[in-house]
Amino acid sequence: MKVDVIVVGAGLAGLVATAELTDAGKRVLLLDQEPEASLGGQAWWSFGGLFLVDSPEQRRLGIHDSLELAWQDWQGAAGFDREDEDYWGRQWAQAYVEFAAGEKREWLKSLGIRFFPVVGWAERGGYLAEGHGNSVPRFHIVWGTGPGIVRPFEEKMRKAMENGLVDYRPRHRVDELLIEGGVVVGVKGAILEPSDAGRGEASSRVTVGEFSEKAQAVVVTSGGLGANFDLIRQNWPERLGKAPARMISGVPAHVDGRMLGITEAVGGRIVNRDRMWHYTEGITNWNPVWAKHGIRILPGPSSMWFDATGRRFPAPNFPGFDTLGTLEAIQKTGFDYSWFVLTQKIIEKEFALSGSEQNPDLTGKSIRQVLARVLPGPTAPVKAFMDKGEDFIVADTLEELVEGMNSLTEDGLIQVDEMKRQIIARDREMDHTFTKDLQVTALRGARNYIGDKLIRVASPHKFLDSKNGPLIAVRLNIISRKTLGGLQTDLSGRVLNAEGEPVPGLYAAGEVCGFGGGGVHGYRSLEGTFLGGCLFTGRQVGRALSE
């Protein structure tokens, strides 16, 4: 069929753009190099957290939020300081925060998306009021996690297929954007052989044919480069120290960044290449789906964080406070791993794992299983990592714990007396209501929020009191994840060239454009804003093209 728009990439941004276009009666060709099993892309694997401002869920929990406070926090996190490269990112950021404080929740509700009632507090900051971090909890978990976000847009796509408005072609890899008279008029690429690879598994790159298609506009929604370690290291910023020699991957192998170079070849401008978002709390998946498959721990604030030599990180490098600040601190130690040391009480209450497959209760919308989280013991997925994961050590004494830590790395860097001294110093702060330890202040303060007190933050206690044990150590790896820079776009999603002019016929949405403008986050994310960025940019592009 003759199509109006070609969408390259069937992840969340591509599905949202397709839904908006077909709702307006436009005909869409949706292309993706992966098999149909991977429809929805990275969004399907996600924990399903969304950034919302002044929501009913917040208000029910006594959280007072506002557009003004959220915009203050966003600017403090982003640190926009590049007049040219940040111009459109800042415009997108302001529009997105207004969207998150306005119609975003009602729009999602109209699609059947609902939220878990307890709002999470991610990226807590730890600096001054105008610095990085969320002043209040804003991390809204979708009931059904990532698959729950993907589902309504997949359903819209399949209905549009039945109505003859969508031609969805998996295993079609775009290798070139076609230009005529300076206008992008279509795509050209390879047809890959059929594959029975499951979701997230590596698929064949054997070609069995070629294709070439034209349309009035092309929308690039191909994602970032999180699995391309060579590109990550090539663009790694000096401010974060030396690029890690060893990383694990938070995304499947197909997140390779290919379309960035292909789009740049026709004049699209890439900005903020050195801005990226990698997590510091990665653990090797004992049951991997893709190569070097890592899972991120979503930690509460109580674990003690040590570098590879057993020295405690200074404030505010606490769990869940400043991802990139702690990444910088880790990389400047000369090692690319660090340690959590904690107790059984902490792991029971504070450890969650990112990802839809690591949260079967929320993903499966099982109220009974969710309620089981308050029972003694860690969740089943966390327990599986404790029993089978290579990064976990459990011991009854600190001496045994340190021995296990040194055996795991074979570096022998940690001295038991040095670690004992630091833990005892911290434990002494439990003897009174006063403290100069800012982490102790922070975890006590967190329990003033009912959501943290109920399901997220353990009661303050002494690590070396045996009744709180056993002791647990977790080796933390750097885990690759998001690209914060990308193709520079205006507020309609038009890809801009080096002169700041739109490349005619070319649009972009999602991670490939830095979630808007080539870098809506600036230097840092407030979390819950990656899925949200795909939703917002896909919606904006779809509506702009429909008009």
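Is Asn287 buried, partly exposed or exposed? With a relative accessible area of 48%, Asn287 is partly exposed. This residue belongs to a predicted model, in which the protein has 19 helices and 21 strands. The radius of gyration is 23 Å, close to the 24 Å that the globule rule gives for 547 residues, so the protein is as compact as a globular protein of that length.

**Overall dimensions and surface**

- The C-alpha trace of the protein spans about 75 × 50 × 45 Å along its principal axes.
- Of the 547 residues in the protein, 61% are buried.
- Among contacts with a separation of 6 or more, 77% are between residues 24 or more positions apart.
- The protein carries 62 positive and 70 negative charges, whose mean positions are 4 Å apart.

**Cysteines**

- A disulfide is a covalent bond between the sulfur atoms of two cysteines.
- Zero disulfides are found in a search of the whole structure.
- For Cys513, the closest cysteine sulfur is that of Cys534, and the distance of 8.4 Å is too far for a bond.
- Cys534 is likewise in no disulfide, its nearest cysteine sulfur being that of Cys513.
- Cys513 counts as buried at 0% relative accessibility, and Cys534 is also buried, with a relative accessible area of 14%.

**Asn287**

- Asn287 is placed in the loop between β12 (276-284) and β13 (294-298).
- Although Asn287 and Gly389 are 102 residues apart in sequence, their C-alpha atoms are 8.8 Å apart in space.

**Two buried strand residues**

- Met304 is located in strand β14, which covers residues 304-307, and its relative accessible area of 0% means that Met304 is buried.
- Beyond residues up to four places away in sequence, Met304 touches Arg312, Trp339, Phe340, Val341, Gln422, Ile423, Arg426, Gln439 and Phe463.
- Met304 and Thr343 are 39 residues apart along the chain, with a separation of 9.8 Å between their C-alpha atoms.
- Leu30 lies in strand β2, residues 28-32, and is buried, with a relative accessible area of 0%.
- Leaving aside neighbours within four places in sequence, the contacts of Leu30 are Val7, Gly9, Ala10, Leu15, Thr18, Met157, Asp167, Tyr168 and Arg169.
- Between the C-alpha atoms of Leu30 and Glu403, 373 residues apart along the chain, the separation is 54 Å.

**Cis peptide bonds**

- The peptide bond from Ala315 to Pro316 is cis, with omega near 0°, and Pro316 lies in the loop between β14 and α10 (323-331).
- Gly469 and Pro470 are joined by a cis peptide bond with omega about 5°.
- Pro470 is found in the loop between α18 (450-455) and β18 (471-483).

- Asn272, a residue other than glycine, has a positive phi near 55°.
- The place of Asn272 is the loop between β11 (270-271) and β12, where the residue counts as buried at 1% relative accessibility.
- Lys365 is not a glycine, yet its phi is positive at about 55°.
- The loop between α12 (360-363) and α13 (367-371) contains Lys365, which counts as partly exposed at 40% relative accessibility.

Notes:
Residues are numbered from 1 along each chain as its sequence is written. This is a predicted model: local features need pLDDT of at least 70, side-chain atom pairs count only at pLDDT 80 or more; totals for chains, interfaces and linings use all residues. Side-chain values use heavy atoms; hydrogens and water are left out. Helices (H or I, at least four residues) and strands (E, at least two) are DSSP runs, numbered from the N terminus. The radius of gyration is taken over C-alpha atoms; the globule rule is 2.2 Å times the number of residues to the power 0.38. Buried means under 20% relative accessible area, exposed over 50%, partly exposed in between (1.4 Å probe, protein chains only). Contact means heavy atoms within 4.5 Å. Lys and Arg count as positive and Asp and Glu as negative; His and the chain ends are not counted. The place of a charge is taken as NZ of Lys, CZ of Arg, CG of Asp or CD of Glu. A disulfide is a pair of cysteine sulfur atoms within 2.5 Å.
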